[in-house]
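Visitor: I have a model open and would like a guided tour. Please keep it brisk.

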Amino acid sequence: MSMVDLSPTPAEMRVLIWLSRGLSNKAIAARLVLSPRTVESHVSSLLAKAGCSNRSQLLLWAQANDKLSPVPA
């Protein structure tokens with residue numbers, strides 16, 4: 001039986017950091033030069049890994065697990 005890595009990928013972490021600043025998928029996509037669908041995919045993956053059902057829960061989980069770091073302005 002193989003172990004599954006449930007930690008966020010670097011790309012997911014970049015999305016999570018901008019998500020914590022209140023940006024929409026479209027705005028995050030513009031900042032990271034990604035498609036909105038790619039950002040949506042990262043958010044969905046983060047929700048699954050964290051066992052959360054919405055963005056608010058995800059941000060609370062991220063804060064409680066020291067996943068958020070300062071983002072340059």
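What follows is a set of questions and answers on this predicted model.

Visitor: What share of the residues counts as buried?
Guide: The cut-off for buried is under 20% relative accessible area. The protein has 73 residues, and the share that counts as buried is 29%.

Visitor: Among contacts with a separation of 6 or more, what share comes from residues 24 or more positions apart?
Guide: Take the contacts in the protein with a separation of 6 or more. Residues 24 or more positions apart account for 55%.

Visitor: How are α2 and α3 oriented to each other, roughly parallel or roughly perpendicular?
Guide: Helix α2 covers residues 25–32 and helix α3 covers residues 36–50. Their axes come within 8 Å and cross at roughly 110°. Angles of 65 to 115 degrees count as roughly perpendicular. The two helices are therefore roughly perpendicular.

Visitor: Which residues make that contact of α2 with α3?
Guide: The crossing of α2 past α3 is right-handed. From α2 come Asn25, Lys26, Ile28 and Ala29. From α3 come Pro36, Val39, Glu40 and Val43.

Visitor: How are α1 and α2 oriented to each other, roughly perpendicular or oblique?
Guide: Helices α1 and α2 pack at about 125°, with their axes 10 Å apart. Roughly perpendicular covers 65 to 115 degrees, and roughly antiparallel starts over 145. The pair is therefore oblique.

Visitor: Which residues make the contact of α1 with α2?
Guide: Here α1 passes α2 in a right-handed crossing. On α1 the contact uses Arg14, Val15, Trp18 and Leu19, and on α2 Ile28, Arg31 and Leu32.

Visitor: How many nonpolar residues does the contact of α1 with α2 have?
Guide: Two residues in this contact are charged. There are no polar ones. The nonpolar count is five.

Visitor: With which residues is arginine 31 in contact, leaving aside its neighbours within four places?
Guide: Arginine 31 is in helix α2. Its C-alpha is 9.6 Å from that of valine 15, 16 residues apart along the chain. Beyond the near neighbours in sequence, arginine 31 is in contact with Trp18 and Leu23.

Visitor: Is histidine 42 buried or exposed, and what is its relative accessible area?
Guide: Histidine 42 is found in helix α3. Leaving aside neighbours within four places in sequence, it is in contact with Ala11, Glu12, Val15 and Leu34. Buried means under 20%. Histidine 42 is therefore buried, at 17%.

Visitor: Is leucine 6 buried or exposed?
Guide: Leucine 6 is in the segment before α1. Its C-alpha lies 9.5 Å from that of serine 45, 39 residues apart in sequence. With a relative accessible area of 51%, leucine 6 is exposed.

Visitor: What phi does valine 33 take?
Guide: Most residues other than glycine have a negative phi. Valine 33 is in the loop between α2 and α3. It is exposed, with a relative accessible area of 72%. Its phi is positive, near 55°.

Visitor: What is the phi of aspartate 66?
Guide: Aspartate 66 lies in the segment after α4. At 69% relative accessibility, it counts as exposed. Its phi is a positive value in a residue other than glycine, near 50°.

Methods
Residues numbered from 1 in each chain as written. Predicted model: local features only at pLDDT ≥ 70, side-chain atom pairs only at ≥ 80, totals over all residues. Heavy atoms only, no water. Axes fitted to C-alpha atoms, helices over the stretch in contact; angles between N-to-C directions. Helix = DSSP H or I, 4+ residues; strand = E, 2+ residues; numbered from the N terminus. Parallel < 35°, antiparallel > 145°, perpendicular 65-115°, else oblique. Left-handed = near helix turned anticlockwise from the far one by under 90°. Contact = heavy atoms within 4.5 Å. Buried < 20%, exposed > 50% of the residue type's maximum accessible area, 1.4 Å probe, protein only. Nonpolar A, V, L, I, M, F, W, Y, C, P; charged D, E, K, R; others polar.
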